[in-house]
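Subject: Structure handover and notes

Dear colleague,

Please find below the structure I promised to pass on, followed by my notes on what was found in it.

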Amino acid sequence: MNKGNQPVKTGQKLAEAVEQRGLAEGNAQGLPTDGTPSLKKVSRGLLGVGEAAHRDRNLRFTALLHHVTVELLRESYMALKREAAPGVDGVTWRGYQEGMEERLGALHERIHKGTYRAQPSKRTRIPKEDGRERKLGITSLEDKIVQKAIVTVLNCIYEEDFKGFSYGFRPGRSQHQALDALYVGLTARPINWVLDLDIGGYFDNIQHDWLVRFLKHRIGDKRVIRLIRKWLRMGVLDEGQWLHPEEGSPQGAVISPLLSNIYLHYVFDLWAERWRRQQCRGAMIMVRYADDILTGHQRREEAIRFHSELEVRLKQFGLQLNSEKSRRIEFGRNATSNRARLGKGKPETFDFLGFTHICSRTRKGRFTIRRKTKVKRRRAKLQEIKKDLRSRMHESVPETGKWLRSVLQGYYQYFAVPYNLNSLISLRYQVARAWIRMLRRRSQKARKSMTWEKFKRISEIWLPKPRVLHPWPSVRFRRYYPRQEPYAVIPHVRIRTGGAS
């Protein structure tokens, strides 16, 4: 390992604490929810890498590939999804088990001899809520194993660099932690304007040259860089046609989430943190989950300036904001009264991570935010359930009931937050209606005998009633960051260029 000059320096966590950024960001200690390897399970050697990265933020690691051992490859294989679709090689997870130790040994040898070759990914398309398609790349099994191992190694370094307001696809972080941080930031700080920012076609527009330059700030091991270049250039098999994209990182590849976070760390996170520290006179918060960015501003003119300067910044690195989805709205504790005074009606809402956020008041008149399931998300889920119900028409009631119970419980697990109970009750009712219609279509006899009274007994058994499963965001957030409650430890100051106030 040796030191290298890093053009863009990472900020210190102490500075984040002094600026009271714990109100909307921080390193959470929750459980991983996205399949990213936990840093708690890495080897002693990788723990040393993390400690070195923490001690020196300018350190370049020139010897990393030796951490990719047969043991790490085995752990990476075991961490993959068992039922995932095979790539172009046609090898499934279960098929790889036969002779697994010999296969992993041979794979390890090819990696360290430099004879390992990445295979093209197989493209598949998934419809999006807005009617467009999301292109996913399905990589071969051995590529997944090697990528998973490299992600484990690189996480030890970049988890020391990534900023507190970055939540997407990181070990120990989840969507609900991002939602909690956003809620606390908007309710605890004097925020009046929200920028809802979406980067158009982000994964398809990552510039390979810039990404490699960013990686070299920390990674001096040319063998690791060579592996990443292979995955970026391995090509895509799209309906029999072999494509060689010169930019972008294939969605669906194991390493893509980490590479996308590294890219935005240098393009957005470091720049935005510096902008807040040097340009902001009012309060400002930030929460980023992958390429979905929410910023809150106390002053309208600062929100406008940040938006325009961000557009310029992104263009320098081949990215641009989606003009249809990115917008500035008046949102916060004063939004309702301000808009009523001007005759503009209720404050606008915004969507983030599946929830619509709404300005509201508690019974005691305090400002709060109500979060409802995004309408398009709820409709899409209902249509999916109806479609599957039709294919299960001739299954027994217990078989269909067990499946519906599992589906609803999984849905509640994510969306059962305070203030969202009515939305869940509505979904359960719509599912019950779809199920009874399906049962009545089985036969003429079923149409007459399946009354609502009879079906109610069935639904009571198989359709779980929703209840709130998540605590209040502020309660859970402060449980993760007990030292960062407002003014508990941090003095009531804000550090700006030129001094404190």
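Two strands are said to pair if DSSP finds at least two bridges between them, and helices (H or I, at least four residues) and strands (E, at least two) are DSSP runs numbered from the N terminus. This is a predicted model, in which local features need pLDDT of at least 70 and side-chain atom pairs count only at pLDDT 80 or more, while totals for chains, interfaces and linings use all residues. Residues are numbered from 1 along each chain as its sequence is written, and side-chain values use heavy atoms, with hydrogens and water left out.

Strand E12 (residues 355-361) is mostly covered, since 5 of its 7 residues are buried, where buried means under 20% relative accessible area, exposed means over 50%, and partly exposed lies in between (1.4 Å probe, protein chains only).

Salt bridges

The structure holds 15 salt bridges, a salt bridge being a side-chain nitrogen of Lys or Arg within 4 Å of a carboxyl oxygen of Asp or Glu. In one of them, Glu142 is joined to Arg110, with the closest N and O atoms 2.6 Å apart. Because Glu142 lies in helix H6 (residues 141-158) and Arg110 in helix H5 (residues 100-113), the pair ties together parts that are 32 residues apart in sequence. Glu142 is buried, at 19% relative accessible area, whereas Arg110 is partly exposed at 27%.

Another salt bridge is made by the side chains of Glu159 and Arg170 (2.8 Å, N to O); these residues, 11 apart, are both placed in the loop between H6 and helix H7 (175-188). Glu159 counts as buried at 11% relative accessibility, and Arg170 counts as buried at 1%. The side chains of Arg392 and Glu395 also meet in a salt bridge (3.1 Å, N to O), with Arg392 partly exposed at 21% and Glu395 partly exposed at 25%.

Surface patches

Patches are made of residues with over 30% relative accessible area and no salt bridge, like charges being joined within 9 Å and nonpolar side chains (Val, Leu, Ile, Met, Phe, Trp, Tyr) within 5 Å. Which residues gather in the patch of positive charge on the surface? They are Lys387, Arg390, Arg433, Arg437, Arg441 and Arg447, and the elements that give two or more residues to this patch are helix H13 (375-391) and helix H15 (421-440). Here Lys and Arg count as positive and Asp and Glu as negative, with His and the chain ends not counted, and the place of a charge is taken as NZ of Lys, CZ of Arg, CG of Asp or CD of Glu. Arg437 lies in helix H15 and is partly exposed, with a relative accessible area of 31%.

A nonpolar patch on the surface is formed by Leu421, Ile425 and Val468, which together have about 210 Å² of accessible area (areas come from the Shrake-Rupley method with a 1.4 Å probe, and for residues only the protein chains shown count as cover). Ile425 is placed in helix H15 and counts as partly exposed at 43% relative accessibility.

With best wishes
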